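Have the sequence and the 3D view open side by side. We will walk through the fold step by step.

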Amino acid sequence: MSVRVVARIRPLLEKEHGKDVIVRADSVEEGKPLTIVKIPSPKNESEEFSFAFNGVYEQSTTQEELFTAEVAPHIKALFQGLDVTIFAYGVTGTGKTHTMRGGLKLAERGVIPRLLSNVFRRGKKIAKDTDGDTTVQVALSYYEIYNDKVFDLLEPPEKRTPSGLPLREKDGKTIVVGLSERSCEDLKDFEKLYIEANNNRVTASTKLNAHSSRSHAILRVKVTQTTGDMVRESTASAIDLAGSEDNRRTDNGKERLIESAAINKSLFVLSQCIDAISRGDKRIPYRESKMTRILSLGQNNGITIMILNLAPMRSYHLDTLSSLNVSSRAKRIEVREIENEIVFKQPPRTNSSGSTNMQRQPLRP
Ligand code: ADP
Ligand code: MG
């Protein structure tokens, strides 16, 4: 299975009314679903470029419509043991945070709260349907990558070490060493944690907008299903990437330039990984940035959905083109759809370490 890549064009904001709109959605043939984004060539306005995606969402698409079409269908797979990754890519101001986090009003809620709400609902249903034989636990981790350093957002900013948390490879997955995890009972629990964590992000930086457009925010939702001594674990990751604009063109101070270099580097490495994978190269340069190590495009098991956020105005022209170029190539990435192994809990042995032994068994014979 490939990475599913969809584009979402945001509407004009109130203050943008009357602005020149140059990005539009189209279909291959009349009556077919929207799969094409059209944008004029910057050199010759009469010429139009077309980029094909797995799906294109118009300005009028609601949060609910996007979630129902792109995320809801994968919740079942998550509970079957597949990992699901959803990430938003695009220029700052195009709607990544709106898509992932969204607003506080019910209708404005983004992918993340809707995902959690669905996970809790399904978890409760499983417990009920199995008469409590299967229990479902949900635990959250939330961190950001800033200047190629990993910071835990569930910890107060004072506890941050300047060098950030290290990464390690374990069972073919990249894990953040020392990352905290909080168990969550329901949506209320989640919202409290999430708001608190987002506040940690604010207090750790002086200018939220500048900061959030320069860091990658990663939420991990770990779902653990336990039936007797069988434990099945899977993870949904929701990622709000840093802005993909080319900061070299903006008038940045010295400090900002260092930041931009690190952010540009990770997004540049991401585009290199996408290219290498779509060319079928043996060597994929994952390891060249922490973000790409964590994202492990095409390496992770399960389902990956990339949402390209677009603003339709002319003022974004060149940055929009470059993000269209990167993301339309990502479609060719293969993702191995492999369920996570079931782990059997062993009765605690009285060995010297006193730790519980876990034995891995393949899920399918
Ligand atoms: P990004 O995170 O990519 O920098 P934001 O999510 O902050 O962008 O969006 C920029 C602005 O546009 C915000 O004011 C946001 O509320 C608004 N916006 C983005 N997408 C939509 C949408 N689909 N509908 C309405 N407003 C949107
Ligand atoms: Mg944002």
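Which helix gives the largest share of the shell around ligand 1? Helix H3 (residues 96-100) does, with three residues. Helices (H or I, at least four residues) and strands (E, at least two) are DSSP runs, numbered from the N terminus.

A word on the model itself. This is a predicted model, in which local features need pLDDT of at least 70 and side-chain atom pairs count only at pLDDT 80 or more, while totals for chains, interfaces and linings use all residues. Residues are numbered from 1 along each chain as its sequence is written, and chains are lettered from A and ligands numbered from 1 in the order in which they are written.

Stay with the ligand. The shell around ligand 1 has 14 residues, and Arg10, Gly95, Lys96, Thr97 and His98 come nearest. Here a residue is near a molecule or strand if its C-beta atom, placed from the backbone, lies within 6 Å of it. By type, the shell holds two nonpolar, ten polar and two charged residues. In this scheme Ala, Val, Leu, Ile, Met, Phe, Trp, Tyr, Cys and Pro count as nonpolar, Asp, Glu, Lys and Arg as charged, and the others, Gly among them, as polar.

An unreviewed UniProt entry lists Gly90, Val91, Thr92, Gly93, Thr94, Gly95, Lys96 and Thr97 under "binding site". UniProt positions are given in the numbering used here, feature names are shortened, and annotations may be inferred rather than shown by experiment.

Glycine 95 is in the loop between S6 and H3. Why does glycine 95 count as buried? Because 20 other C-beta atoms lie within 10 Å. The rule is this: a residue is buried if 20 or more other C-beta atoms lie within 10 Å of its own, exposed if 12 or fewer, and partly exposed in between, with C-beta atoms placed from the backbone. Leaving out residues up to four places away in sequence, glycine 95 touches Arg8, Arg10 and Asn309. Touching, or contact, means that the C-beta atoms of two residues, placed from the backbone, lie within 7 Å.

Glycine 90 sits in strand S6 (residues 84-90). Glycine 90 is buried too, because 28 other C-beta atoms lie within 10 Å. Beyond residues up to four places away in sequence, its contacts include Lys96, Ser244 and Asn309.

Now follow S6 itself. Seven of its seven residues are buried, so S6 is largely enclosed by the rest of the structure. In a regular strand the side chains alternate between the two faces of the sheet. On one side of S6 are Val84, Ile86, Ala88 and Gly90, on the other Thr85, Phe87 and Tyr89, and all are buried.

Which strands pair with S6? Strand S13 (residues 230-240) pairs with S6 in the parallel sense over five bridges. Two strands pair if DSSP finds at least two bridges between them. Phenylalanine 87 has isoleucine 239 as its bridge partner in S13. Strand S14 (residues 303-310) is also parallel to S6, over seven bridges. There, threonine 85 is partnered with threonine 304.

S14 leads on to strand S1. Six bridges join S1 to S14, and the two run parallel. Arginine 8 has asparagine 309 as its bridge partner in S14. S1 is also joined to strand S5 (residues 55-57), by three bridges and in parallel. In S5, tyrosine 57 stands opposite arginine 8. Six of the six residues of S1 (residues 4-9) are buried, so S1 is largely enclosed by the rest of the structure.

Compare aspartate 26, in strand S2 (residues 24-27). Aspartate 26 counts as partly exposed because it has 16 C-beta neighbours inside 10 Å.

S9 (residues 167-170) and S10 (residues 173-176) are antiparallel, with four bridges. Two residues lie between these strands in the hairpin, where aspartate 171 takes a positive phi near 50 degrees.

Last, step back. The protein has nine helices and 16 strands. Of its 365 residues, 39% count as buried.
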